[in-house]
Amino acid sequence: MTRSFGRLRRGAVIAAAVGMLVVPVGGGTAVGAPSFAPTTAMEQPSPSPSPTDEFRALTPEVKQQVDEAVQRVMREANVPGVTVGLWTPDKGNHVRSFGVADKDSGRRMSPDLYMRIGSETKTFTVTALLKLVDEGRVGLDDTIGQYVEGVPNGDRITLRQLAGMRSGLFNYTEDPDFFKALTSDPQRPFTPQQLLDYAFKHPVLFQPGEEFYYSNTNLILLGLVVEEAGGQPLGEYIEENILEPAGMDRTIFPTDAAFPSPHAQGYTDQTADGKVANSTDWNPSWGWAAGAMISTLEDLRTWAPTVATGVLPDGDILISPAVQKQRLDTPPTTIPGAGYGLGIFNVQGWIGHNGSLPGYESLTIYLPSAEATIVVLLNTDINHDGTEPSTLFGDAITKIVSPRHVFNLPAQPAAR
């Protein structure tokens, strides 16, 4: 594997199967030092400390510890801007933004910004699939060959194996021709079939179900299944059947590079020459069902418990308990302490997903034992010492607020 493609594989394997959607990187560093003064605080009084150590009460002292940890990660990883939200039913809430949304203008980061969420898109695509399962229109043990022609091992790979990252299909984002096409013209649109063509020219890596291997190819195929069985474009199906019932009116499945305002500028070194570039207006069609979506802090706050429980904010059922139970069956991965189910991971008890694509990273996780939610949104995907910055934030925050459940994805060096 050449230097250009090293990060693709690492990004796809590390974060608990980390739901990273990345392209190869050349190793640049961010330009412009971020400012670390908090710019926005939306806090509620927190109750007195609880004896349980599942999740600590968000007292002023604990909030200060969280803020200091976030600022430390920003300094060390040279992150321009970040917003962090923590919510609990009985131990307080804490929302704060630090740094800048735009390094050129100095515009401050704030909790109301739209952000690209990368591979968190997978949770929505798989939820759409599971709704179709509940309706009897597809079966998790159907083969992909029943819906899409020309898939290697298509008569053996099941939808369950695709959603669980155990298909053996090559990850198209690791293909050198894909890298060249994307970085030579980041505004170009890709079709799902073009993405699959990059993957299918490679042999399968293993037989279905034999191993865990994080592949964006799996989600492109599931997106096509949703479109065929659901009878409408994937984005429309997700909007009507998931976003609207959940009240998530600021979450979008884009069909082009359009980016609602206000939004943060994104900074990446996943470029042809490895130099840092502004990737804000790159066309996310290359991620499609695996990573194209846009959302906000408050919408992801809603999504965290919804996707983890299958229950909508108003108490209605989004996914039946029987199907949700299958989703949350998270067999071990190659990452110690991390399991991956159907489009969702479990890292030390935290259920959810993270996302990364050029210029942006996100983390949305839910701790059922404490009914606690953490969302992190930032405007860079540039690694620090071989680790994704969203992982650094998740680790630092959970060491403080949930010491028994630390989001401690191990750092692994890029295969360069």
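**View 1. Helix 10 bends by about 25° at tryptophan 303, with proline 305 following within four residues.** The bend is the angle between axes fitted to the seven residues ending there and the seven starting there. Helices here are DSSP runs (H or I, at least four residues), numbered from the N terminus. This is a predicted model, where local features need pLDDT of at least 70, side-chain atom pairs count only at pLDDT 80 or more, and totals for chains, interfaces and linings use all residues. Residues are numbered from 1 along each chain as its sequence is written, and side-chain values use heavy atoms, leaving out hydrogens and water.

**View 2. The buried residues of helix 10 (residues 297-309) include Trp303 and Val307.** Buried means under 20% relative accessible area (1.4 Å probe, protein chains only).

**View 3. Glutamine 324 sits in helix 11 (residues 321-327).** Why does glutamine 324 count as buried? Because its relative accessibility is 4%. A polar atom of its side chain lies 3.0 Å from the backbone oxygen of valine 307. Glutamine 324 also touches (heavy atoms within 4.5 Å) several residues, among them Thr309, Gly310 and Ile319, not counting residues up to four places away in sequence.

**View 4. Aspartate 175 caps the N-terminal end of helix 5.** One of its side-chain oxygens lies 2.9 Å from the backbone nitrogen of aspartate 177. Within helix 5 (residues 176-184), Phe178, Phe179, Ala181, Leu182 and Thr183 are buried, and their cover includes helix 6 (192-200).

Notes
Helix = DSSP H or I, 4+ residues; strand = E, 2+ residues; numbered from the N terminus. Buried < 20%, exposed > 50% of the residue type's maximum accessible area, 1.4 Å probe, protein only. Polar contact = N/O pair within 3.5 Å; in protein donor to acceptor, adjacent residues only side chain to side chain.
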